[in-house]
Amino acid sequence: MGFDSRCVILVRGKHLSFCQFWLYDIFATCKVRMEPAKKRKTSPMWEYFDQISHNKVKCLLCSRELGYSNNTSSMLRHYRAMHEMKEGHAGDAGGPAQGTRPTRKQDLDEALVNLIVKDTQPFSVVEDVGFRAFVALLDPNYVIPKRQAVKAMVEAKYALERSKAIADMQKVVAVSLTSDMWTSINMDAYLAVTCHFVDDNTRLNSVLLGVQQFPQTHTAENLARVKTSLMEEWGITDKVTCLVTDGAANMISCGKHLKLRHAICIAHTLNLIVKKSLDMTPVLSDIRAKSRKLVGFFRSSTLAKEKLVSVQRQMGRPTLKLLQEVETRWNSTYHMLQRLVDLREPVGAALASLNTDITTLTSAEFTTISGCLSLLSGFNDATIELSEEKNVSGSKVVPLLKMLEQMLQEEMAKTAEAVAKEMGEHLLRQLRERLHTLQSMSIMSLATLLDPRFKLIGFFSPSKAAEATKRLVAECGALIRTPEDVQPEENPSTSQPEQEIPGNKLWQKLDRTVKLSRKTKNPTADATVEVQRYLAEPNIGRLEDPLNYWQTQRHVYPNLYTLAVTFLCTPASSVPCERVFSKAGEVVSKKRNRLSPKSVEKILFLNKNQ
């Protein structure tokens with residue numbers, strides 16, 4: 001059968017010749033065969049995303065636009081990082097999570113965030129080849145979030161934990177603050193403020209209020225402005241009972257600007273006392289210089305270091321390293337001298353076999369060191385104990401100073417070493433000059449009285465104990481309000497007029513004076529009874545927790561309980577802030593020196609408060 005090319009056929013509204021139609025039909029058939037059918041969107045992620053163009057999708061939960069390249073990987077990461085961890089959301093939307101029960105993915109993401117925070121790892125650890133291979137071997141089904149998603153999870157956790165902490169702070173009666181400053185490897189100044197309080201369960205807690213970059217000059221006014229902002233932000237402006245800092249002039253002046261009771265860090269004060277006493281003892285200063293040179297030789301020479309290790313092994317002793325003195329910390333001097341005494345024989349043997357002009361300490365010098373160490377050991381123990389953060393420490397200040405003075409007098413009476421006695425006299429004089437005034441400070445004296453381990457026996461003298469007792473009675477009396485005192489102020493319109501006592505005008509003035517004296521003296525009398533009953537009870541053991549005592553006695557001494565949770569939360573030192581900066585040195589490291597100040601604050605907050 002032949003075909004006429006002039007034959008006309010109507011196709012899609014166009015007139016085509018038969019030949020043109022034949023070619024069109026072949027082309028259409030080939031096109032259908034060459035183009036695969038579009039994939040059906042079967043991933044559950046399409047319940048939360050809408051495709052807005054050939055290379056972009058939009059999240060239906062937060063309206064964020066993501067890149068799309070024919071797979072749902074980016075959509076899955078976004079959902080898991082931003083929406084899956086929200087309680088109830090995934091279950092309500094019919095997603096992978098059911099109700100509020102965490103999924104394995106959520107548990108693993110939480111563990112990853114904790115790893116970043118607790119171990120101060122950089123966000124980029126999730127991109128490290130070795131880390132990804134290790135996780136893939138542990139759980140091949142776990143999709144490691146990208147760095148941006150991990151950062152978002154840290155920020156979400158920070159916001160959640162911070163809101164919980166703020167809610168807890170609203171329930172407390174009183175708080176104390178510690179503050180310090182630090183400079184990072186990037187030469188950025190930071191100001192840290194920590195808060196200490198007794199919670200509803202009568203347990204001592206602490207919260208990091210903030211670690212803020214401080215580019216302005218370190219004046220008292222600027223410091224006070226930042227701290228005021230933090231107190232307002234956390235809602236504790238009217239609850240702060242004390243501010244503990246080092247003895248820097250700007251920190252002390254800052255407390256005056258804030259109109260807060262200020263206490264100088266006892267650890268810093270002890271450091272100054274011992275350093276000055278050491279420097280005032282010339283013979284000991286020469287021994288310290290010789291010791292530093294000796295330690296430096298063994299720490300800088302590989303041959304000497306290996307020889308010292310070898311000698312210790314030959315003697316059957318544990319291998320220990322010599323410790324070098326740090327100029328800013330007196331206890332480093334104590335540890336350096338103590339270690340030299342411990343390694344006296346190995347150091348001497350090692351030096352004898354080495355070709356060096358470095359000489360070990362003489363027998364007389366070792367005797368001098370031993371005598372001085374017996375005096376310094378108490379200061380080392382006091383520094384450690386007063387730097388505690390998890391236990392009540394403010395109430396220990398006055399009793400520990402009393403024990404330090406007694407220990408110095410006893411040790412000086414026992415030693416025959418002249419240099420040790422000279423140093424002991426300097427220590428005793430510095431201790432009395434700087435710290436005897438502390439037992440007159442209301443914050444420290446009241447904390448000592450309210451600690452059932454110490455009470456009156458914690459003071460240097462009976463007169464100081466009597467003064468502290470009067471202050472405690474006054475504080476307790478201020479908390480007591482009788483109905484007669486409160487009624488006229490609370491509802492003056494319903495108060496009844498005073499009944500006049502029958503009699504002539506001659507006695508009216510005296511009668512009014514008697515009524516007034518009864519109103520003013522009753523709270524004081526009640527406070528005196530409560531305080532005397534408490535002080536008459538036997539002290540609890542020194543190793544017992546004073547807060548456990550107050551938890552059991554809160555209904556027996558209700559007013560004193562309120563004062564106890566107010567004053568016993570004050571730490572003895574600002575070491576809690578120093579610990580924050582020790583961790584900050586790990587956070588702002590060479591590997592993560594591009595972290596923003598806000599990220600630094602969030603990581604440190606989670607690290608301390610979790």
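Strand β4 (residues 56-59) pairs with β5 in the antiparallel sense, over 3 bridges. Strands are DSSP runs of E with at least two residues, and helices are runs of H or I with at least four, numbered from the N terminus. Two strands pair if DSSP finds at least two bridges between them. K58 stands opposite E65 in β5.

The open sheet has 3 strands, in the order β3-β4-β5. Its edge strands, β3 (49-53) and β5 (65-67), each pair on one side only.

## The model

This is a predicted model: local features need pLDDT of at least 70, side-chain atom pairs need 80 or more, and totals for chains, interfaces and linings use all residues. Residues are numbered from 1 along each chain as its sequence is written, and side-chain values use heavy atoms, without hydrogens or water.

## Salt bridges

The whole structure holds 15 salt bridges. Each puts a side-chain nitrogen of Lys or Arg within 4 Å of a carboxyl oxygen of Asp or Glu.

E325 meets R288 at 3.0 Å, N to O. R288 lies in helix α10, and E325 in the loop between α11 and α12, 37 residues apart. E325 also meets R292, at 2.5 Å. D279, R288, R292 and E325 are linked in a network of salt bridges.

R288 and E325 are both buried. Buried means under 20% relative accessible area, exposed over 50%, and partly exposed in between (1.4 Å probe, protein chains only). R292 is partly exposed, at 31%.

E327 and K275 form another salt bridge, at 3.5 Å. E327 is exposed, whereas K275 is buried.
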